[in-house]
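Open the model in a viewer and keep the selection panel at hand.

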Protein chains: 4
Amino acid sequence: MGKGNRTLKEEKVFKDPVHRYIHVRDELIWELVGTKEFQRLRRVRQLGTTYLTFHGAEHTRFNHSLGVYEIMRRIIEGFEGRPHWDEKERLLCLCAALLHDIGHGPFSHSFEKVFHTDHETWTRKIIVGDTEVNQVLKRMGDHFPQQVADVIEKTYPNKLVVSMISSQIDADRMDYLQRDAFYTGVSYGHFDMERILRVMRPTEDQAVVKYTGMHAVEDYIMSRYQMYWQVYFHPVTRSAEVILSKILRRVRVLYDKGYSFKQEPAHFKGFFNESLTLEEYLRLDESVVLFYFQAWQDEEDAILKDLCQRFMNRRLFKYVEFDQNFVMNEWGELQELFRKAEIDPEYYLVIDFSSDLPYDFYRPGEEEERMPIHLLMPNGKLRELSRESDVVEAISGKKRTDHKLYFPVDLLETKGHEKEKQRIKEILLET
Amino acid sequence: MGKGNRTLKEEKVFKDPVHRYIHVRDELIWELVGTKEFQRLRRVRQLGTTYLTFHGAEHTRFNHSLGVYEIMRRIIEGFEGRPHWDEKERLLCLCAALLHDIGHGPFSHSFEKVFHTDHETWTRKIIVGDTEVNQVLKRMGDHFPQQVADVIEKTYPNKLVVSMISSQIDADRMDYLQRDAFYTGVSYGHFDMERILRVMRPTEDQAVVKYTGMHAVEDYIMSRYQMYWQVYFHPVTRSAEVILSKILRRVRVLYDKGYSFKQEPAHFKGFFNESLTLEEYLRLDESVVLFYFQAWQDEEDAILKDLCQRFMNRRLFKYVEFDQNFVMNEWGELQELFRKAEIDPEYYLVIDFSSDLPYDFYRPGEEEERMPIHLLMPNGKLRELSRESDVVEAISGKKRTDHKLYFPVDLLETKGHEKEKQRIKEILLET
Amino acid sequence: MGKGNRTLKEEKVFKDPVHRYIHVRDELIWELVGTKEFQRLRRVRQLGTTYLTFHGAEHTRFNHSLGVYEIMRRIIEGFEGRPHWDEKERLLCLCAALLHDIGHGPFSHSFEKVFHTDHETWTRKIIVGDTEVNQVLKRMGDHFPQQVADVIEKTYPNKLVVSMISSQIDADRMDYLQRDAFYTGVSYGHFDMERILRVMRPTEDQAVVKYTGMHAVEDYIMSRYQMYWQVYFHPVTRSAEVILSKILRRVRVLYDKGYSFKQEPAHFKGFFNESLTLEEYLRLDESVVLFYFQAWQDEEDAILKDLCQRFMNRRLFKYVEFDQNFVMNEWGELQELFRKAEIDPEYYLVIDFSSDLPYDFYRPGEEEERMPIHLLMPNGKLRELSRESDVVEAISGKKRTDHKLYFPVDLLETKGHEKEKQRIKEILLET
Amino acid sequence: MGKGNRTLKEEKVFKDPVHRYIHVRDELIWELVGTKEFQRLRRVRQLGTTYLTFHGAEHTRFNHSLGVYEIMRRIIEGFEGRPHWDEKERLLCLCAALLHDIGHGPFSHSFEKVFHTDHETWTRKIIVGDTEVNQVLKRMGDHFPQQVADVIEKTYPNKLVVSMISSQIDADRMDYLQRDAFYTGVSYGHFDMERILRVMRPTEDQAVVKYTGMHAVEDYIMSRYQMYWQVYFHPVTRSAEVILSKILRRVRVLYDKGYSFKQEPAHFKGFFNESLTLEEYLRLDESVVLFYFQAWQDEEDAILKDLCQRFMNRRLFKYVEFDQNFVMNEWGELQELFRKAEIDPEYYLVIDFSSDLPYDFYRPGEEEERMPIHLLMPNGKLRELSRESDVVEAISGKKRTDHKLYFPVDLLETKGHEKEKQRIKEILLET
């Protein structure tokens with residue numbers, strides 16, 4: 001390994017079912033793919049528990065990360081030689097695209113919720129810390145790893161570069177919509193990316209799309225909308241996630257209580273003690289988590305044992321719609337009934353909600369500012385998408401929310417406390 | 001759960017990226033899918049180490065098993081009401097299709113080679129033993145589980161039924177070719193299955209294909225041929241498999257020697273002692289195996305540690321063509337050189353060979369008799385495929401073999417024993 | 001040919017690139033396809049002048065009609081045995097689906113506009129008149145042809161049957177969206193028809209869709225929306241249509257004036273005299289029209305000659321956006337300038353407008369009442385789609401209109417009247 | 001129009017269902033597409049009478065010609081900067097690809113057989129004669145049109161250039177296999193063109209394929225083989241062609257006899273008198289031919305009338321296998337019987353044969369020398385494909401021939417001469 005980047009003598013390709021081929025011409029990229037931190041992404045599924053709903057969706061973040069890289073490569077190909085595009089940013093963009101998810105752990109969503117961690121922090125640590133990834137990146141200069149981290153964290157000064165990986169129409173989203181549609185087998189998620197890339201143009205602040213590509217962008221926004229409700233927020237997937245979160249919570253509670261595990265939660269202790277090192281974090285992948293869940297099916301603790309069996313054998317919770325009035329009226333009664341029936345409501349009566357904002361224009365001051373999509377009009381001016389598109393206007397800024405209540409319907413059929421269980425069923429199932 | 005099978009009130013479907021939808025109308029099938037033994041297939045990849053070559057190929061045997069079931073269902077739909085087809089065999093066929101791979105463990109190929117076990121035995125044990133699968137099957141009668149096992153083992157008296165799951169053009173092969181092509185992204189593996197199913201006909205002994213479908217069958221055979229050499233026998237996949245086998249072998253050797261592991265190979269001991277119970281076997285999935293490999297990266301033993309690091313981080317062995325003459329002349333020298341260079345040839349100099357017989361007509365007396373494909377001619381007679389098809393005739397009965405030599409080229413670049421390493425490189429790389 | 005319908009001894013299939021196979025089991029259908037009136041549809045393109053914009057769209061109404069039949073067949077397959085579905089209507093539905101476009105002539109849109117004819121009238125005449133189609137249909141009884149015509153004309157008493165071929169989600173629309181997308185190559189037009197068919201249910205008045213299929217229906221509505229603006233109303237297609245209409249108009253004017261044609265418009269006279277017989281109409285297909293256009297490239301009349309050369313060699317008119325204010329201010333001046341420049345504005349300055357209503361709920365009293373799409377809710381009640389779907393609600397009832405002005409920009413570059421032409425260009429091109 | 005070629009200010013694209021987009025960057029190409037000779041290809045179907053067998057196959061040579069151009073463009077993109085590739089040949093290659101079929105007339109195969117003309121001659125005349133195409137080409141220099149013609153005629157000195165458009169794996173074949181498969185809807189015809197293009201390399205004499213792409217090439221050869229027998233030589237297509245040829249023959253016979261036509265064969269006279277001018281040839285497209293066939297359905301001459309009705313209404317001849325022995329024994333009797341039954345065997349008893357050579361290596365001295373496919377081996381040497389590939393070897397050099405006998409089975413069911421007709425049926429149908 002020398003200094004800097006070299007062009008590979010012969011271009012290398014990965015066969016990819018979504019983009020057909022992923023092309024690598026830079027030695028730096030090739031070596032990043034070969035690092036152990038990047039290879040670890042093969043052991044973290046892209047869609048968490050979705051495979052329990054859509055059996056085809058078993059693909060990993062490794063898979064997706066290569067796809068984002070490839071889209072970025074194609075965007076840049078189209079930018080070459082155009083105003084506002086600085087060729088010196090090329091490798092930075094490619095690295096950020098490839099590494100944008102490097103910090104994801106197993107079932108990130110649940111882990112982050114339960115352990116108050118977040119994958120962005122780990123992403124930065126992997127990029128700037130003592131890792132193989134960092135070593136490879138450093139060959140481009142001492143500041144290069146930090147720049148890559150800045151792009152991913154959206155603090156990099158060149159906003160055009162940031163927008164290519166983090167905006168409402170970026171390489172990340174364009175890959176995952178298509179990839180997740182491909183693997184789940186749903187018919188949504190398709191849009192004419194080739195056309196979008198053809199009409200994408202660099203501007204000072206962000207990548208924009210020529211007016212003639214508006215319909216392709218509309219189609220992309222609609223794909224996004226459909227994928228959210230049909231795939232990402234699917235209630236069965238969320239049921240599995242609810243169980244997973246409850247397992248993590250139970251383990252922590254038992255650990256804190258000094259419960260004596262048959263299989264000690266060794267890999268989790270760093271989380272419990274808030275002392276997790278980068279090295280420990282990198283060891284935590286989905287095979288490790290599943291190893292523990294498998295083992296804990298034989299624990300003494302009835303709740304941990306039951307939840308793990310449910311997860312491993314896909315005996316999920318049932319769900320019903322949950323409306324707000326409900327909270328006021330029967331929520332207290334329901335919790336009481338669960339307790340009386342000896343089904344701990346803490347673990348077995350769970351409200352989960354999802355909400356989506358399929359497209360948003362700029363609303364300054366909001367918590368999570370999202371860069372809107374701009375069209376490049378024939379007169380050279382920019383115009384925010386929803387002002388031109390009826391369809392996008394119609395759904396823009398409208399948050400759609402969905403509350404569901406999860407519980408194990410099978411436990412209501414077991415012996416004992418029949419009266420309470422009967423009443424629970426009346427409340428939950430007969431409305 | 002009552003006795004027998006019931007038709008579901010409303011048909012259930014699984015969204016499948018290959019067959020679009022998988023249709024379930026029988027309660028029995030629905031419940032088999034729900035058993036923990038079947039759900040376990042979600043933790044066993046369909047193509048073993050292939051995901052290290054084709055990153056898209058992360059799909060599991062769960063995925064494939066549903067596909068085989070669906071194809072079987074469609075075959076039967078076309079058989080209904082035709083001579084030789086006994087409607088009473090319907091459910092038996094469907095169960096056999098669904099469960100034909102139920103005995104597969106993690107990375108079957110390597111485990112079977114190293115531990116002299118075979119997945120067929122475990123399949124039978126799961127079907128007739130004390131399992132949830134068995135309990136569900138038994139509702140069709142006490143003999144039903146055994147019948148399902150017989151179909152899978154090809155000993156069932158109705159040879160037509162056997163041929164639908166085990167012949168050169170059966171539901172199993174038709175699914176995996178298409179599915180593996182889909183997930184790897186290669187352009188082979190496509191053939192007109194809809195046409196083949198339309199012209200498939202039951203006869204006394206086997207399912208045959210009407211003459212008018214011959215070209216679709218040719219296309220299927222060619223797909224098979226291409227998939228074998230392009231995907232299944234890909235040298236990079238085999239490199240990963242070589243390392244995996246060597247890990248298993250090393251663990252066993254260390255265990256036999258009384259080596260003191262940091263992470264005891266608890267789940268493997270049944271194999272070492274030839275005392276593995278069904279319950280233990282069912283616990284052994286790919287997440288468990290990867291958990292150990294991950295842990296063993298920190299073992300004292302240099303070989304185990306190195307091999308595990310290679311597997312986890314995809315630092316595979318290089319390969320060169322291996323020809324027979326080689327054995328006679330330089331093989332001894334090479335082993336000697338490896339030993340002198342302190343690279344144990346037992347683990348680091350490995351010959352691997354693959355061979356394929358893309359289509360075979362009946363050759364009695366051979367070890368593995370394979371039922372040939374028969375065409376139903378306009379005159380009502382049967383004719384073996386290769387007698388009608390030039391293309392099939394051309395490749396039929398021709399075994400193609402490929403020998404490769406695997407070794408860690410990086411170890412030849414390290415310090416020490418330069419002279420030997422130089423000579424090794426001359427022998428291996430300069431021919 | 002006997003009385004009634006017979007099931008074919010062996011099912012026949014047509015290979016279809018959109019639906020894979022089109023299945024025919026009824027002798028009646030098979031024979032309808034074989035009639036000369038149906039075969040004539042091979043000489044009438046599905047999308048008129050669209051092939052001049054999307055070169056792939058060269059498919060004919062023959063192609064589409066088989067597709068509509070096939071979708072109808074699949075809808076009925078799903079209806080079998082369900083309440084409200086009367087098996088006796090099966091053949092009627094299939095015939096209506098197959099024949100719904102039988103009355104279309106070449107470039108229907110332009111011919112209908114210029115000659116004030118309409119294809120619906122011809123459809124009825126072909127079905128109930130003295131034709132091969134009528135003879136085949138009559139074998140089902142003397143009233144059968146009239147019933148088929150009634151279904152197509154939406155006057156048949158069983159509204160469920162009518163809705164299957166004429167509603168906002170019918171066999172016709174579902175075929176053409178997919179087929180036109182396939183042949184043009186655009187990425188819109190895809191939706192999960194298999195799912196929609198699976199959840200379509202007969203009710204007394206119309207075919208409805210189960211609530212669980214709402215998202216697939218949304219996707220279908222959006223496809224329709226995109227196809228309209230991206231394909232059906234494409235300004236280049238309309239430019240060719242403008243020229244075509246002007247050719248027809250010019251021929252009529254010349255004919256009325258007693259102009260002496262080198263190539264007499266023999267096949268058109270019936271239109272000019274309003275005396276067109278069914279036999280004459282059936283002779284008029286697109287090859288006949290193109291034969292004349294080819295010949296008329298050599299006529300004396302400069303306008304006819306020029307327009308025909310434009311159409312045959314695709315030298316189309318340019319277009320600019322046309323806004324209403326324009327009419328008030330510069331329209332008169334523009335016409336005057338054209339006249340002065342000796343470019344007859346009657347033929348060379350044309351306003352064309354398109355408008356679409358992507359989805360409409362029931363608005364009684366409107367000219368063209370359109371049956372809305374209803375969802376079948378879990379509680380068994382029906383609910384109009386736009387009340388459940390945000391996306392559909394957003395675009396529903398909103399008419400979008402587009403006016404364009406077409407003119408031959410090349411004629412503004414020729415010698416003579418430079419001043420006027422300069423001014424014309426200022427008005428038309430510099431806004 | 002100035003001298004030479006200019007790069008377009010903004011790249012233009014055609015949406016193409018097979019290659020997604022066809023990219024045009026050269027003004028020269030854009031203007032060639034706009035010539036009337038090229039636009040005329042929109043009125044000549046790519047697959048002649050095949051649309052009567054596969055209703056989807058209604059695409060034209062315009063469609064295909066753009067596709068060949070696009071593949072050529074991609075091949076050249078891969079050649080840029082490589083040894084043996086002369087950038088100065090780029091535009092020549094693109095023009096030759098675009099124009100290689102420009103001389104095709106309607107139903108070329110039948111016209112060429114009956115009128116002893118050939119489309120190659122017309123291609124040259126269009127390119128070097130007084131046409132719009134020639135005018136555009138000349139802007140590259142006075143010799144450029146002749147060079148384009150030379151490349152198409154394979155006489156151009158740079159054999160590499162010739163091979164890119166005329167060899168066993170050229171832009172022409174790669175387009176039509178995929179395109180014809182797409183439009184017919186058959187599942188053959190797919191191969192990994194992207195991979196082939198990636199590993200195609202220029203050499204002094206021809207374009208070759210790197211060894212690593214061998215399997216993709218095998219797949220391509222097999223596609224070709226399947227398409228020939230499943231699509232191109234389909235007996236129903238040939239039946240329509242037989243009728244078409246007989247119509248042309250009959251018209252000529254009648255014309256020579258001085259028969260008085262209701263619709264004079266004006267456009268055909270040049271063929272009859274061997275005096276056809278280029279201008280006349282260019283007027284002859286499929287709409288003109290169909291115009292005549294339509295009109296001739298009303299001629300007095302029973303044979304012409306009948307044959308035209310058959311073609312227009314798709315009442316084709318039946319076919320039976322025809323074996324050589326047959327000729328010796330019953331051929332004379334059969335002709336005699338036809339004559340006695342008053343069915344002129346000259347028009348109604350037709351032998352047609354097809355034969356294909358799916359792949360051929362170099363066999364010097366043969367009439368039509370075909371350049372074999374060469375692989376570029378790792379050692380830098382070239383090796384003829386069939387020496388490396390078992391599959392190709394198996395089918396290489398093997399001519400497969402198919403003889404069929406066509407006749408109108410319906411005429412054997414009419415009144416009169418029952419005895420002879422009975423005997424004819426015995427001979428033709430009962431073997």
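Select chain A: of its 431 residues, 51% count as buried (20 or more other C-beta atoms within 10 Å of a residue's own; exposed means 12 or fewer, partly exposed in between, with C-beta atoms placed from the backbone). This is a predicted model, in which local features need pLDDT of at least 70 and side-chain atom pairs count only at pLDDT 80 or more, while totals for chains, interfaces and linings use all residues. Residues are numbered from 1 along each chain as its sequence is written, and chains are lettered from A and ligands numbered from 1 in the order in which they are written.

Keep chain A and colour by secondary structure: there are 22 helices and nine strands (DSSP runs numbered from the N terminus, helices being H or I with at least four residues, strands E with at least two). The C-alpha trace of chain A spans about 75 × 50 × 40 Å along its principal axes. Of the contacts in chain A between residues at least 6 apart in sequence, 68% join residues at least 24 apart; a contact means C-beta atoms, placed from the backbone, within 7 Å.

Next, colour domain 1 (7–232) and domain 2 (236–354 + 403–429) of chain A separately; such bounds come from an automatic or database domain assignment. Their centres, taken over C-alpha atoms, are 33 Å apart. Domain 1 puts 22 residues into the contact and domain 2 puts in 18. On the domain 1 side, select helix H5 (108–115) and helix H6 (119–128) of chain A, each of which supplies at least two residues. H5(A) gives the most to that side, with six residues.

Finally, go to chain C and select helix H22. Which of its residues are buried? They are C:Lys421, C:Ile424 and C:Leu428. These cover an arc of only 55° around the axis, which puts them on the same side of H22(C); the arc is that of the directions from the helix axis to the C-beta atoms.

Terms used:
Two residues are in contact if their C-beta atoms, placed from the backbone, lie within 7 Å.
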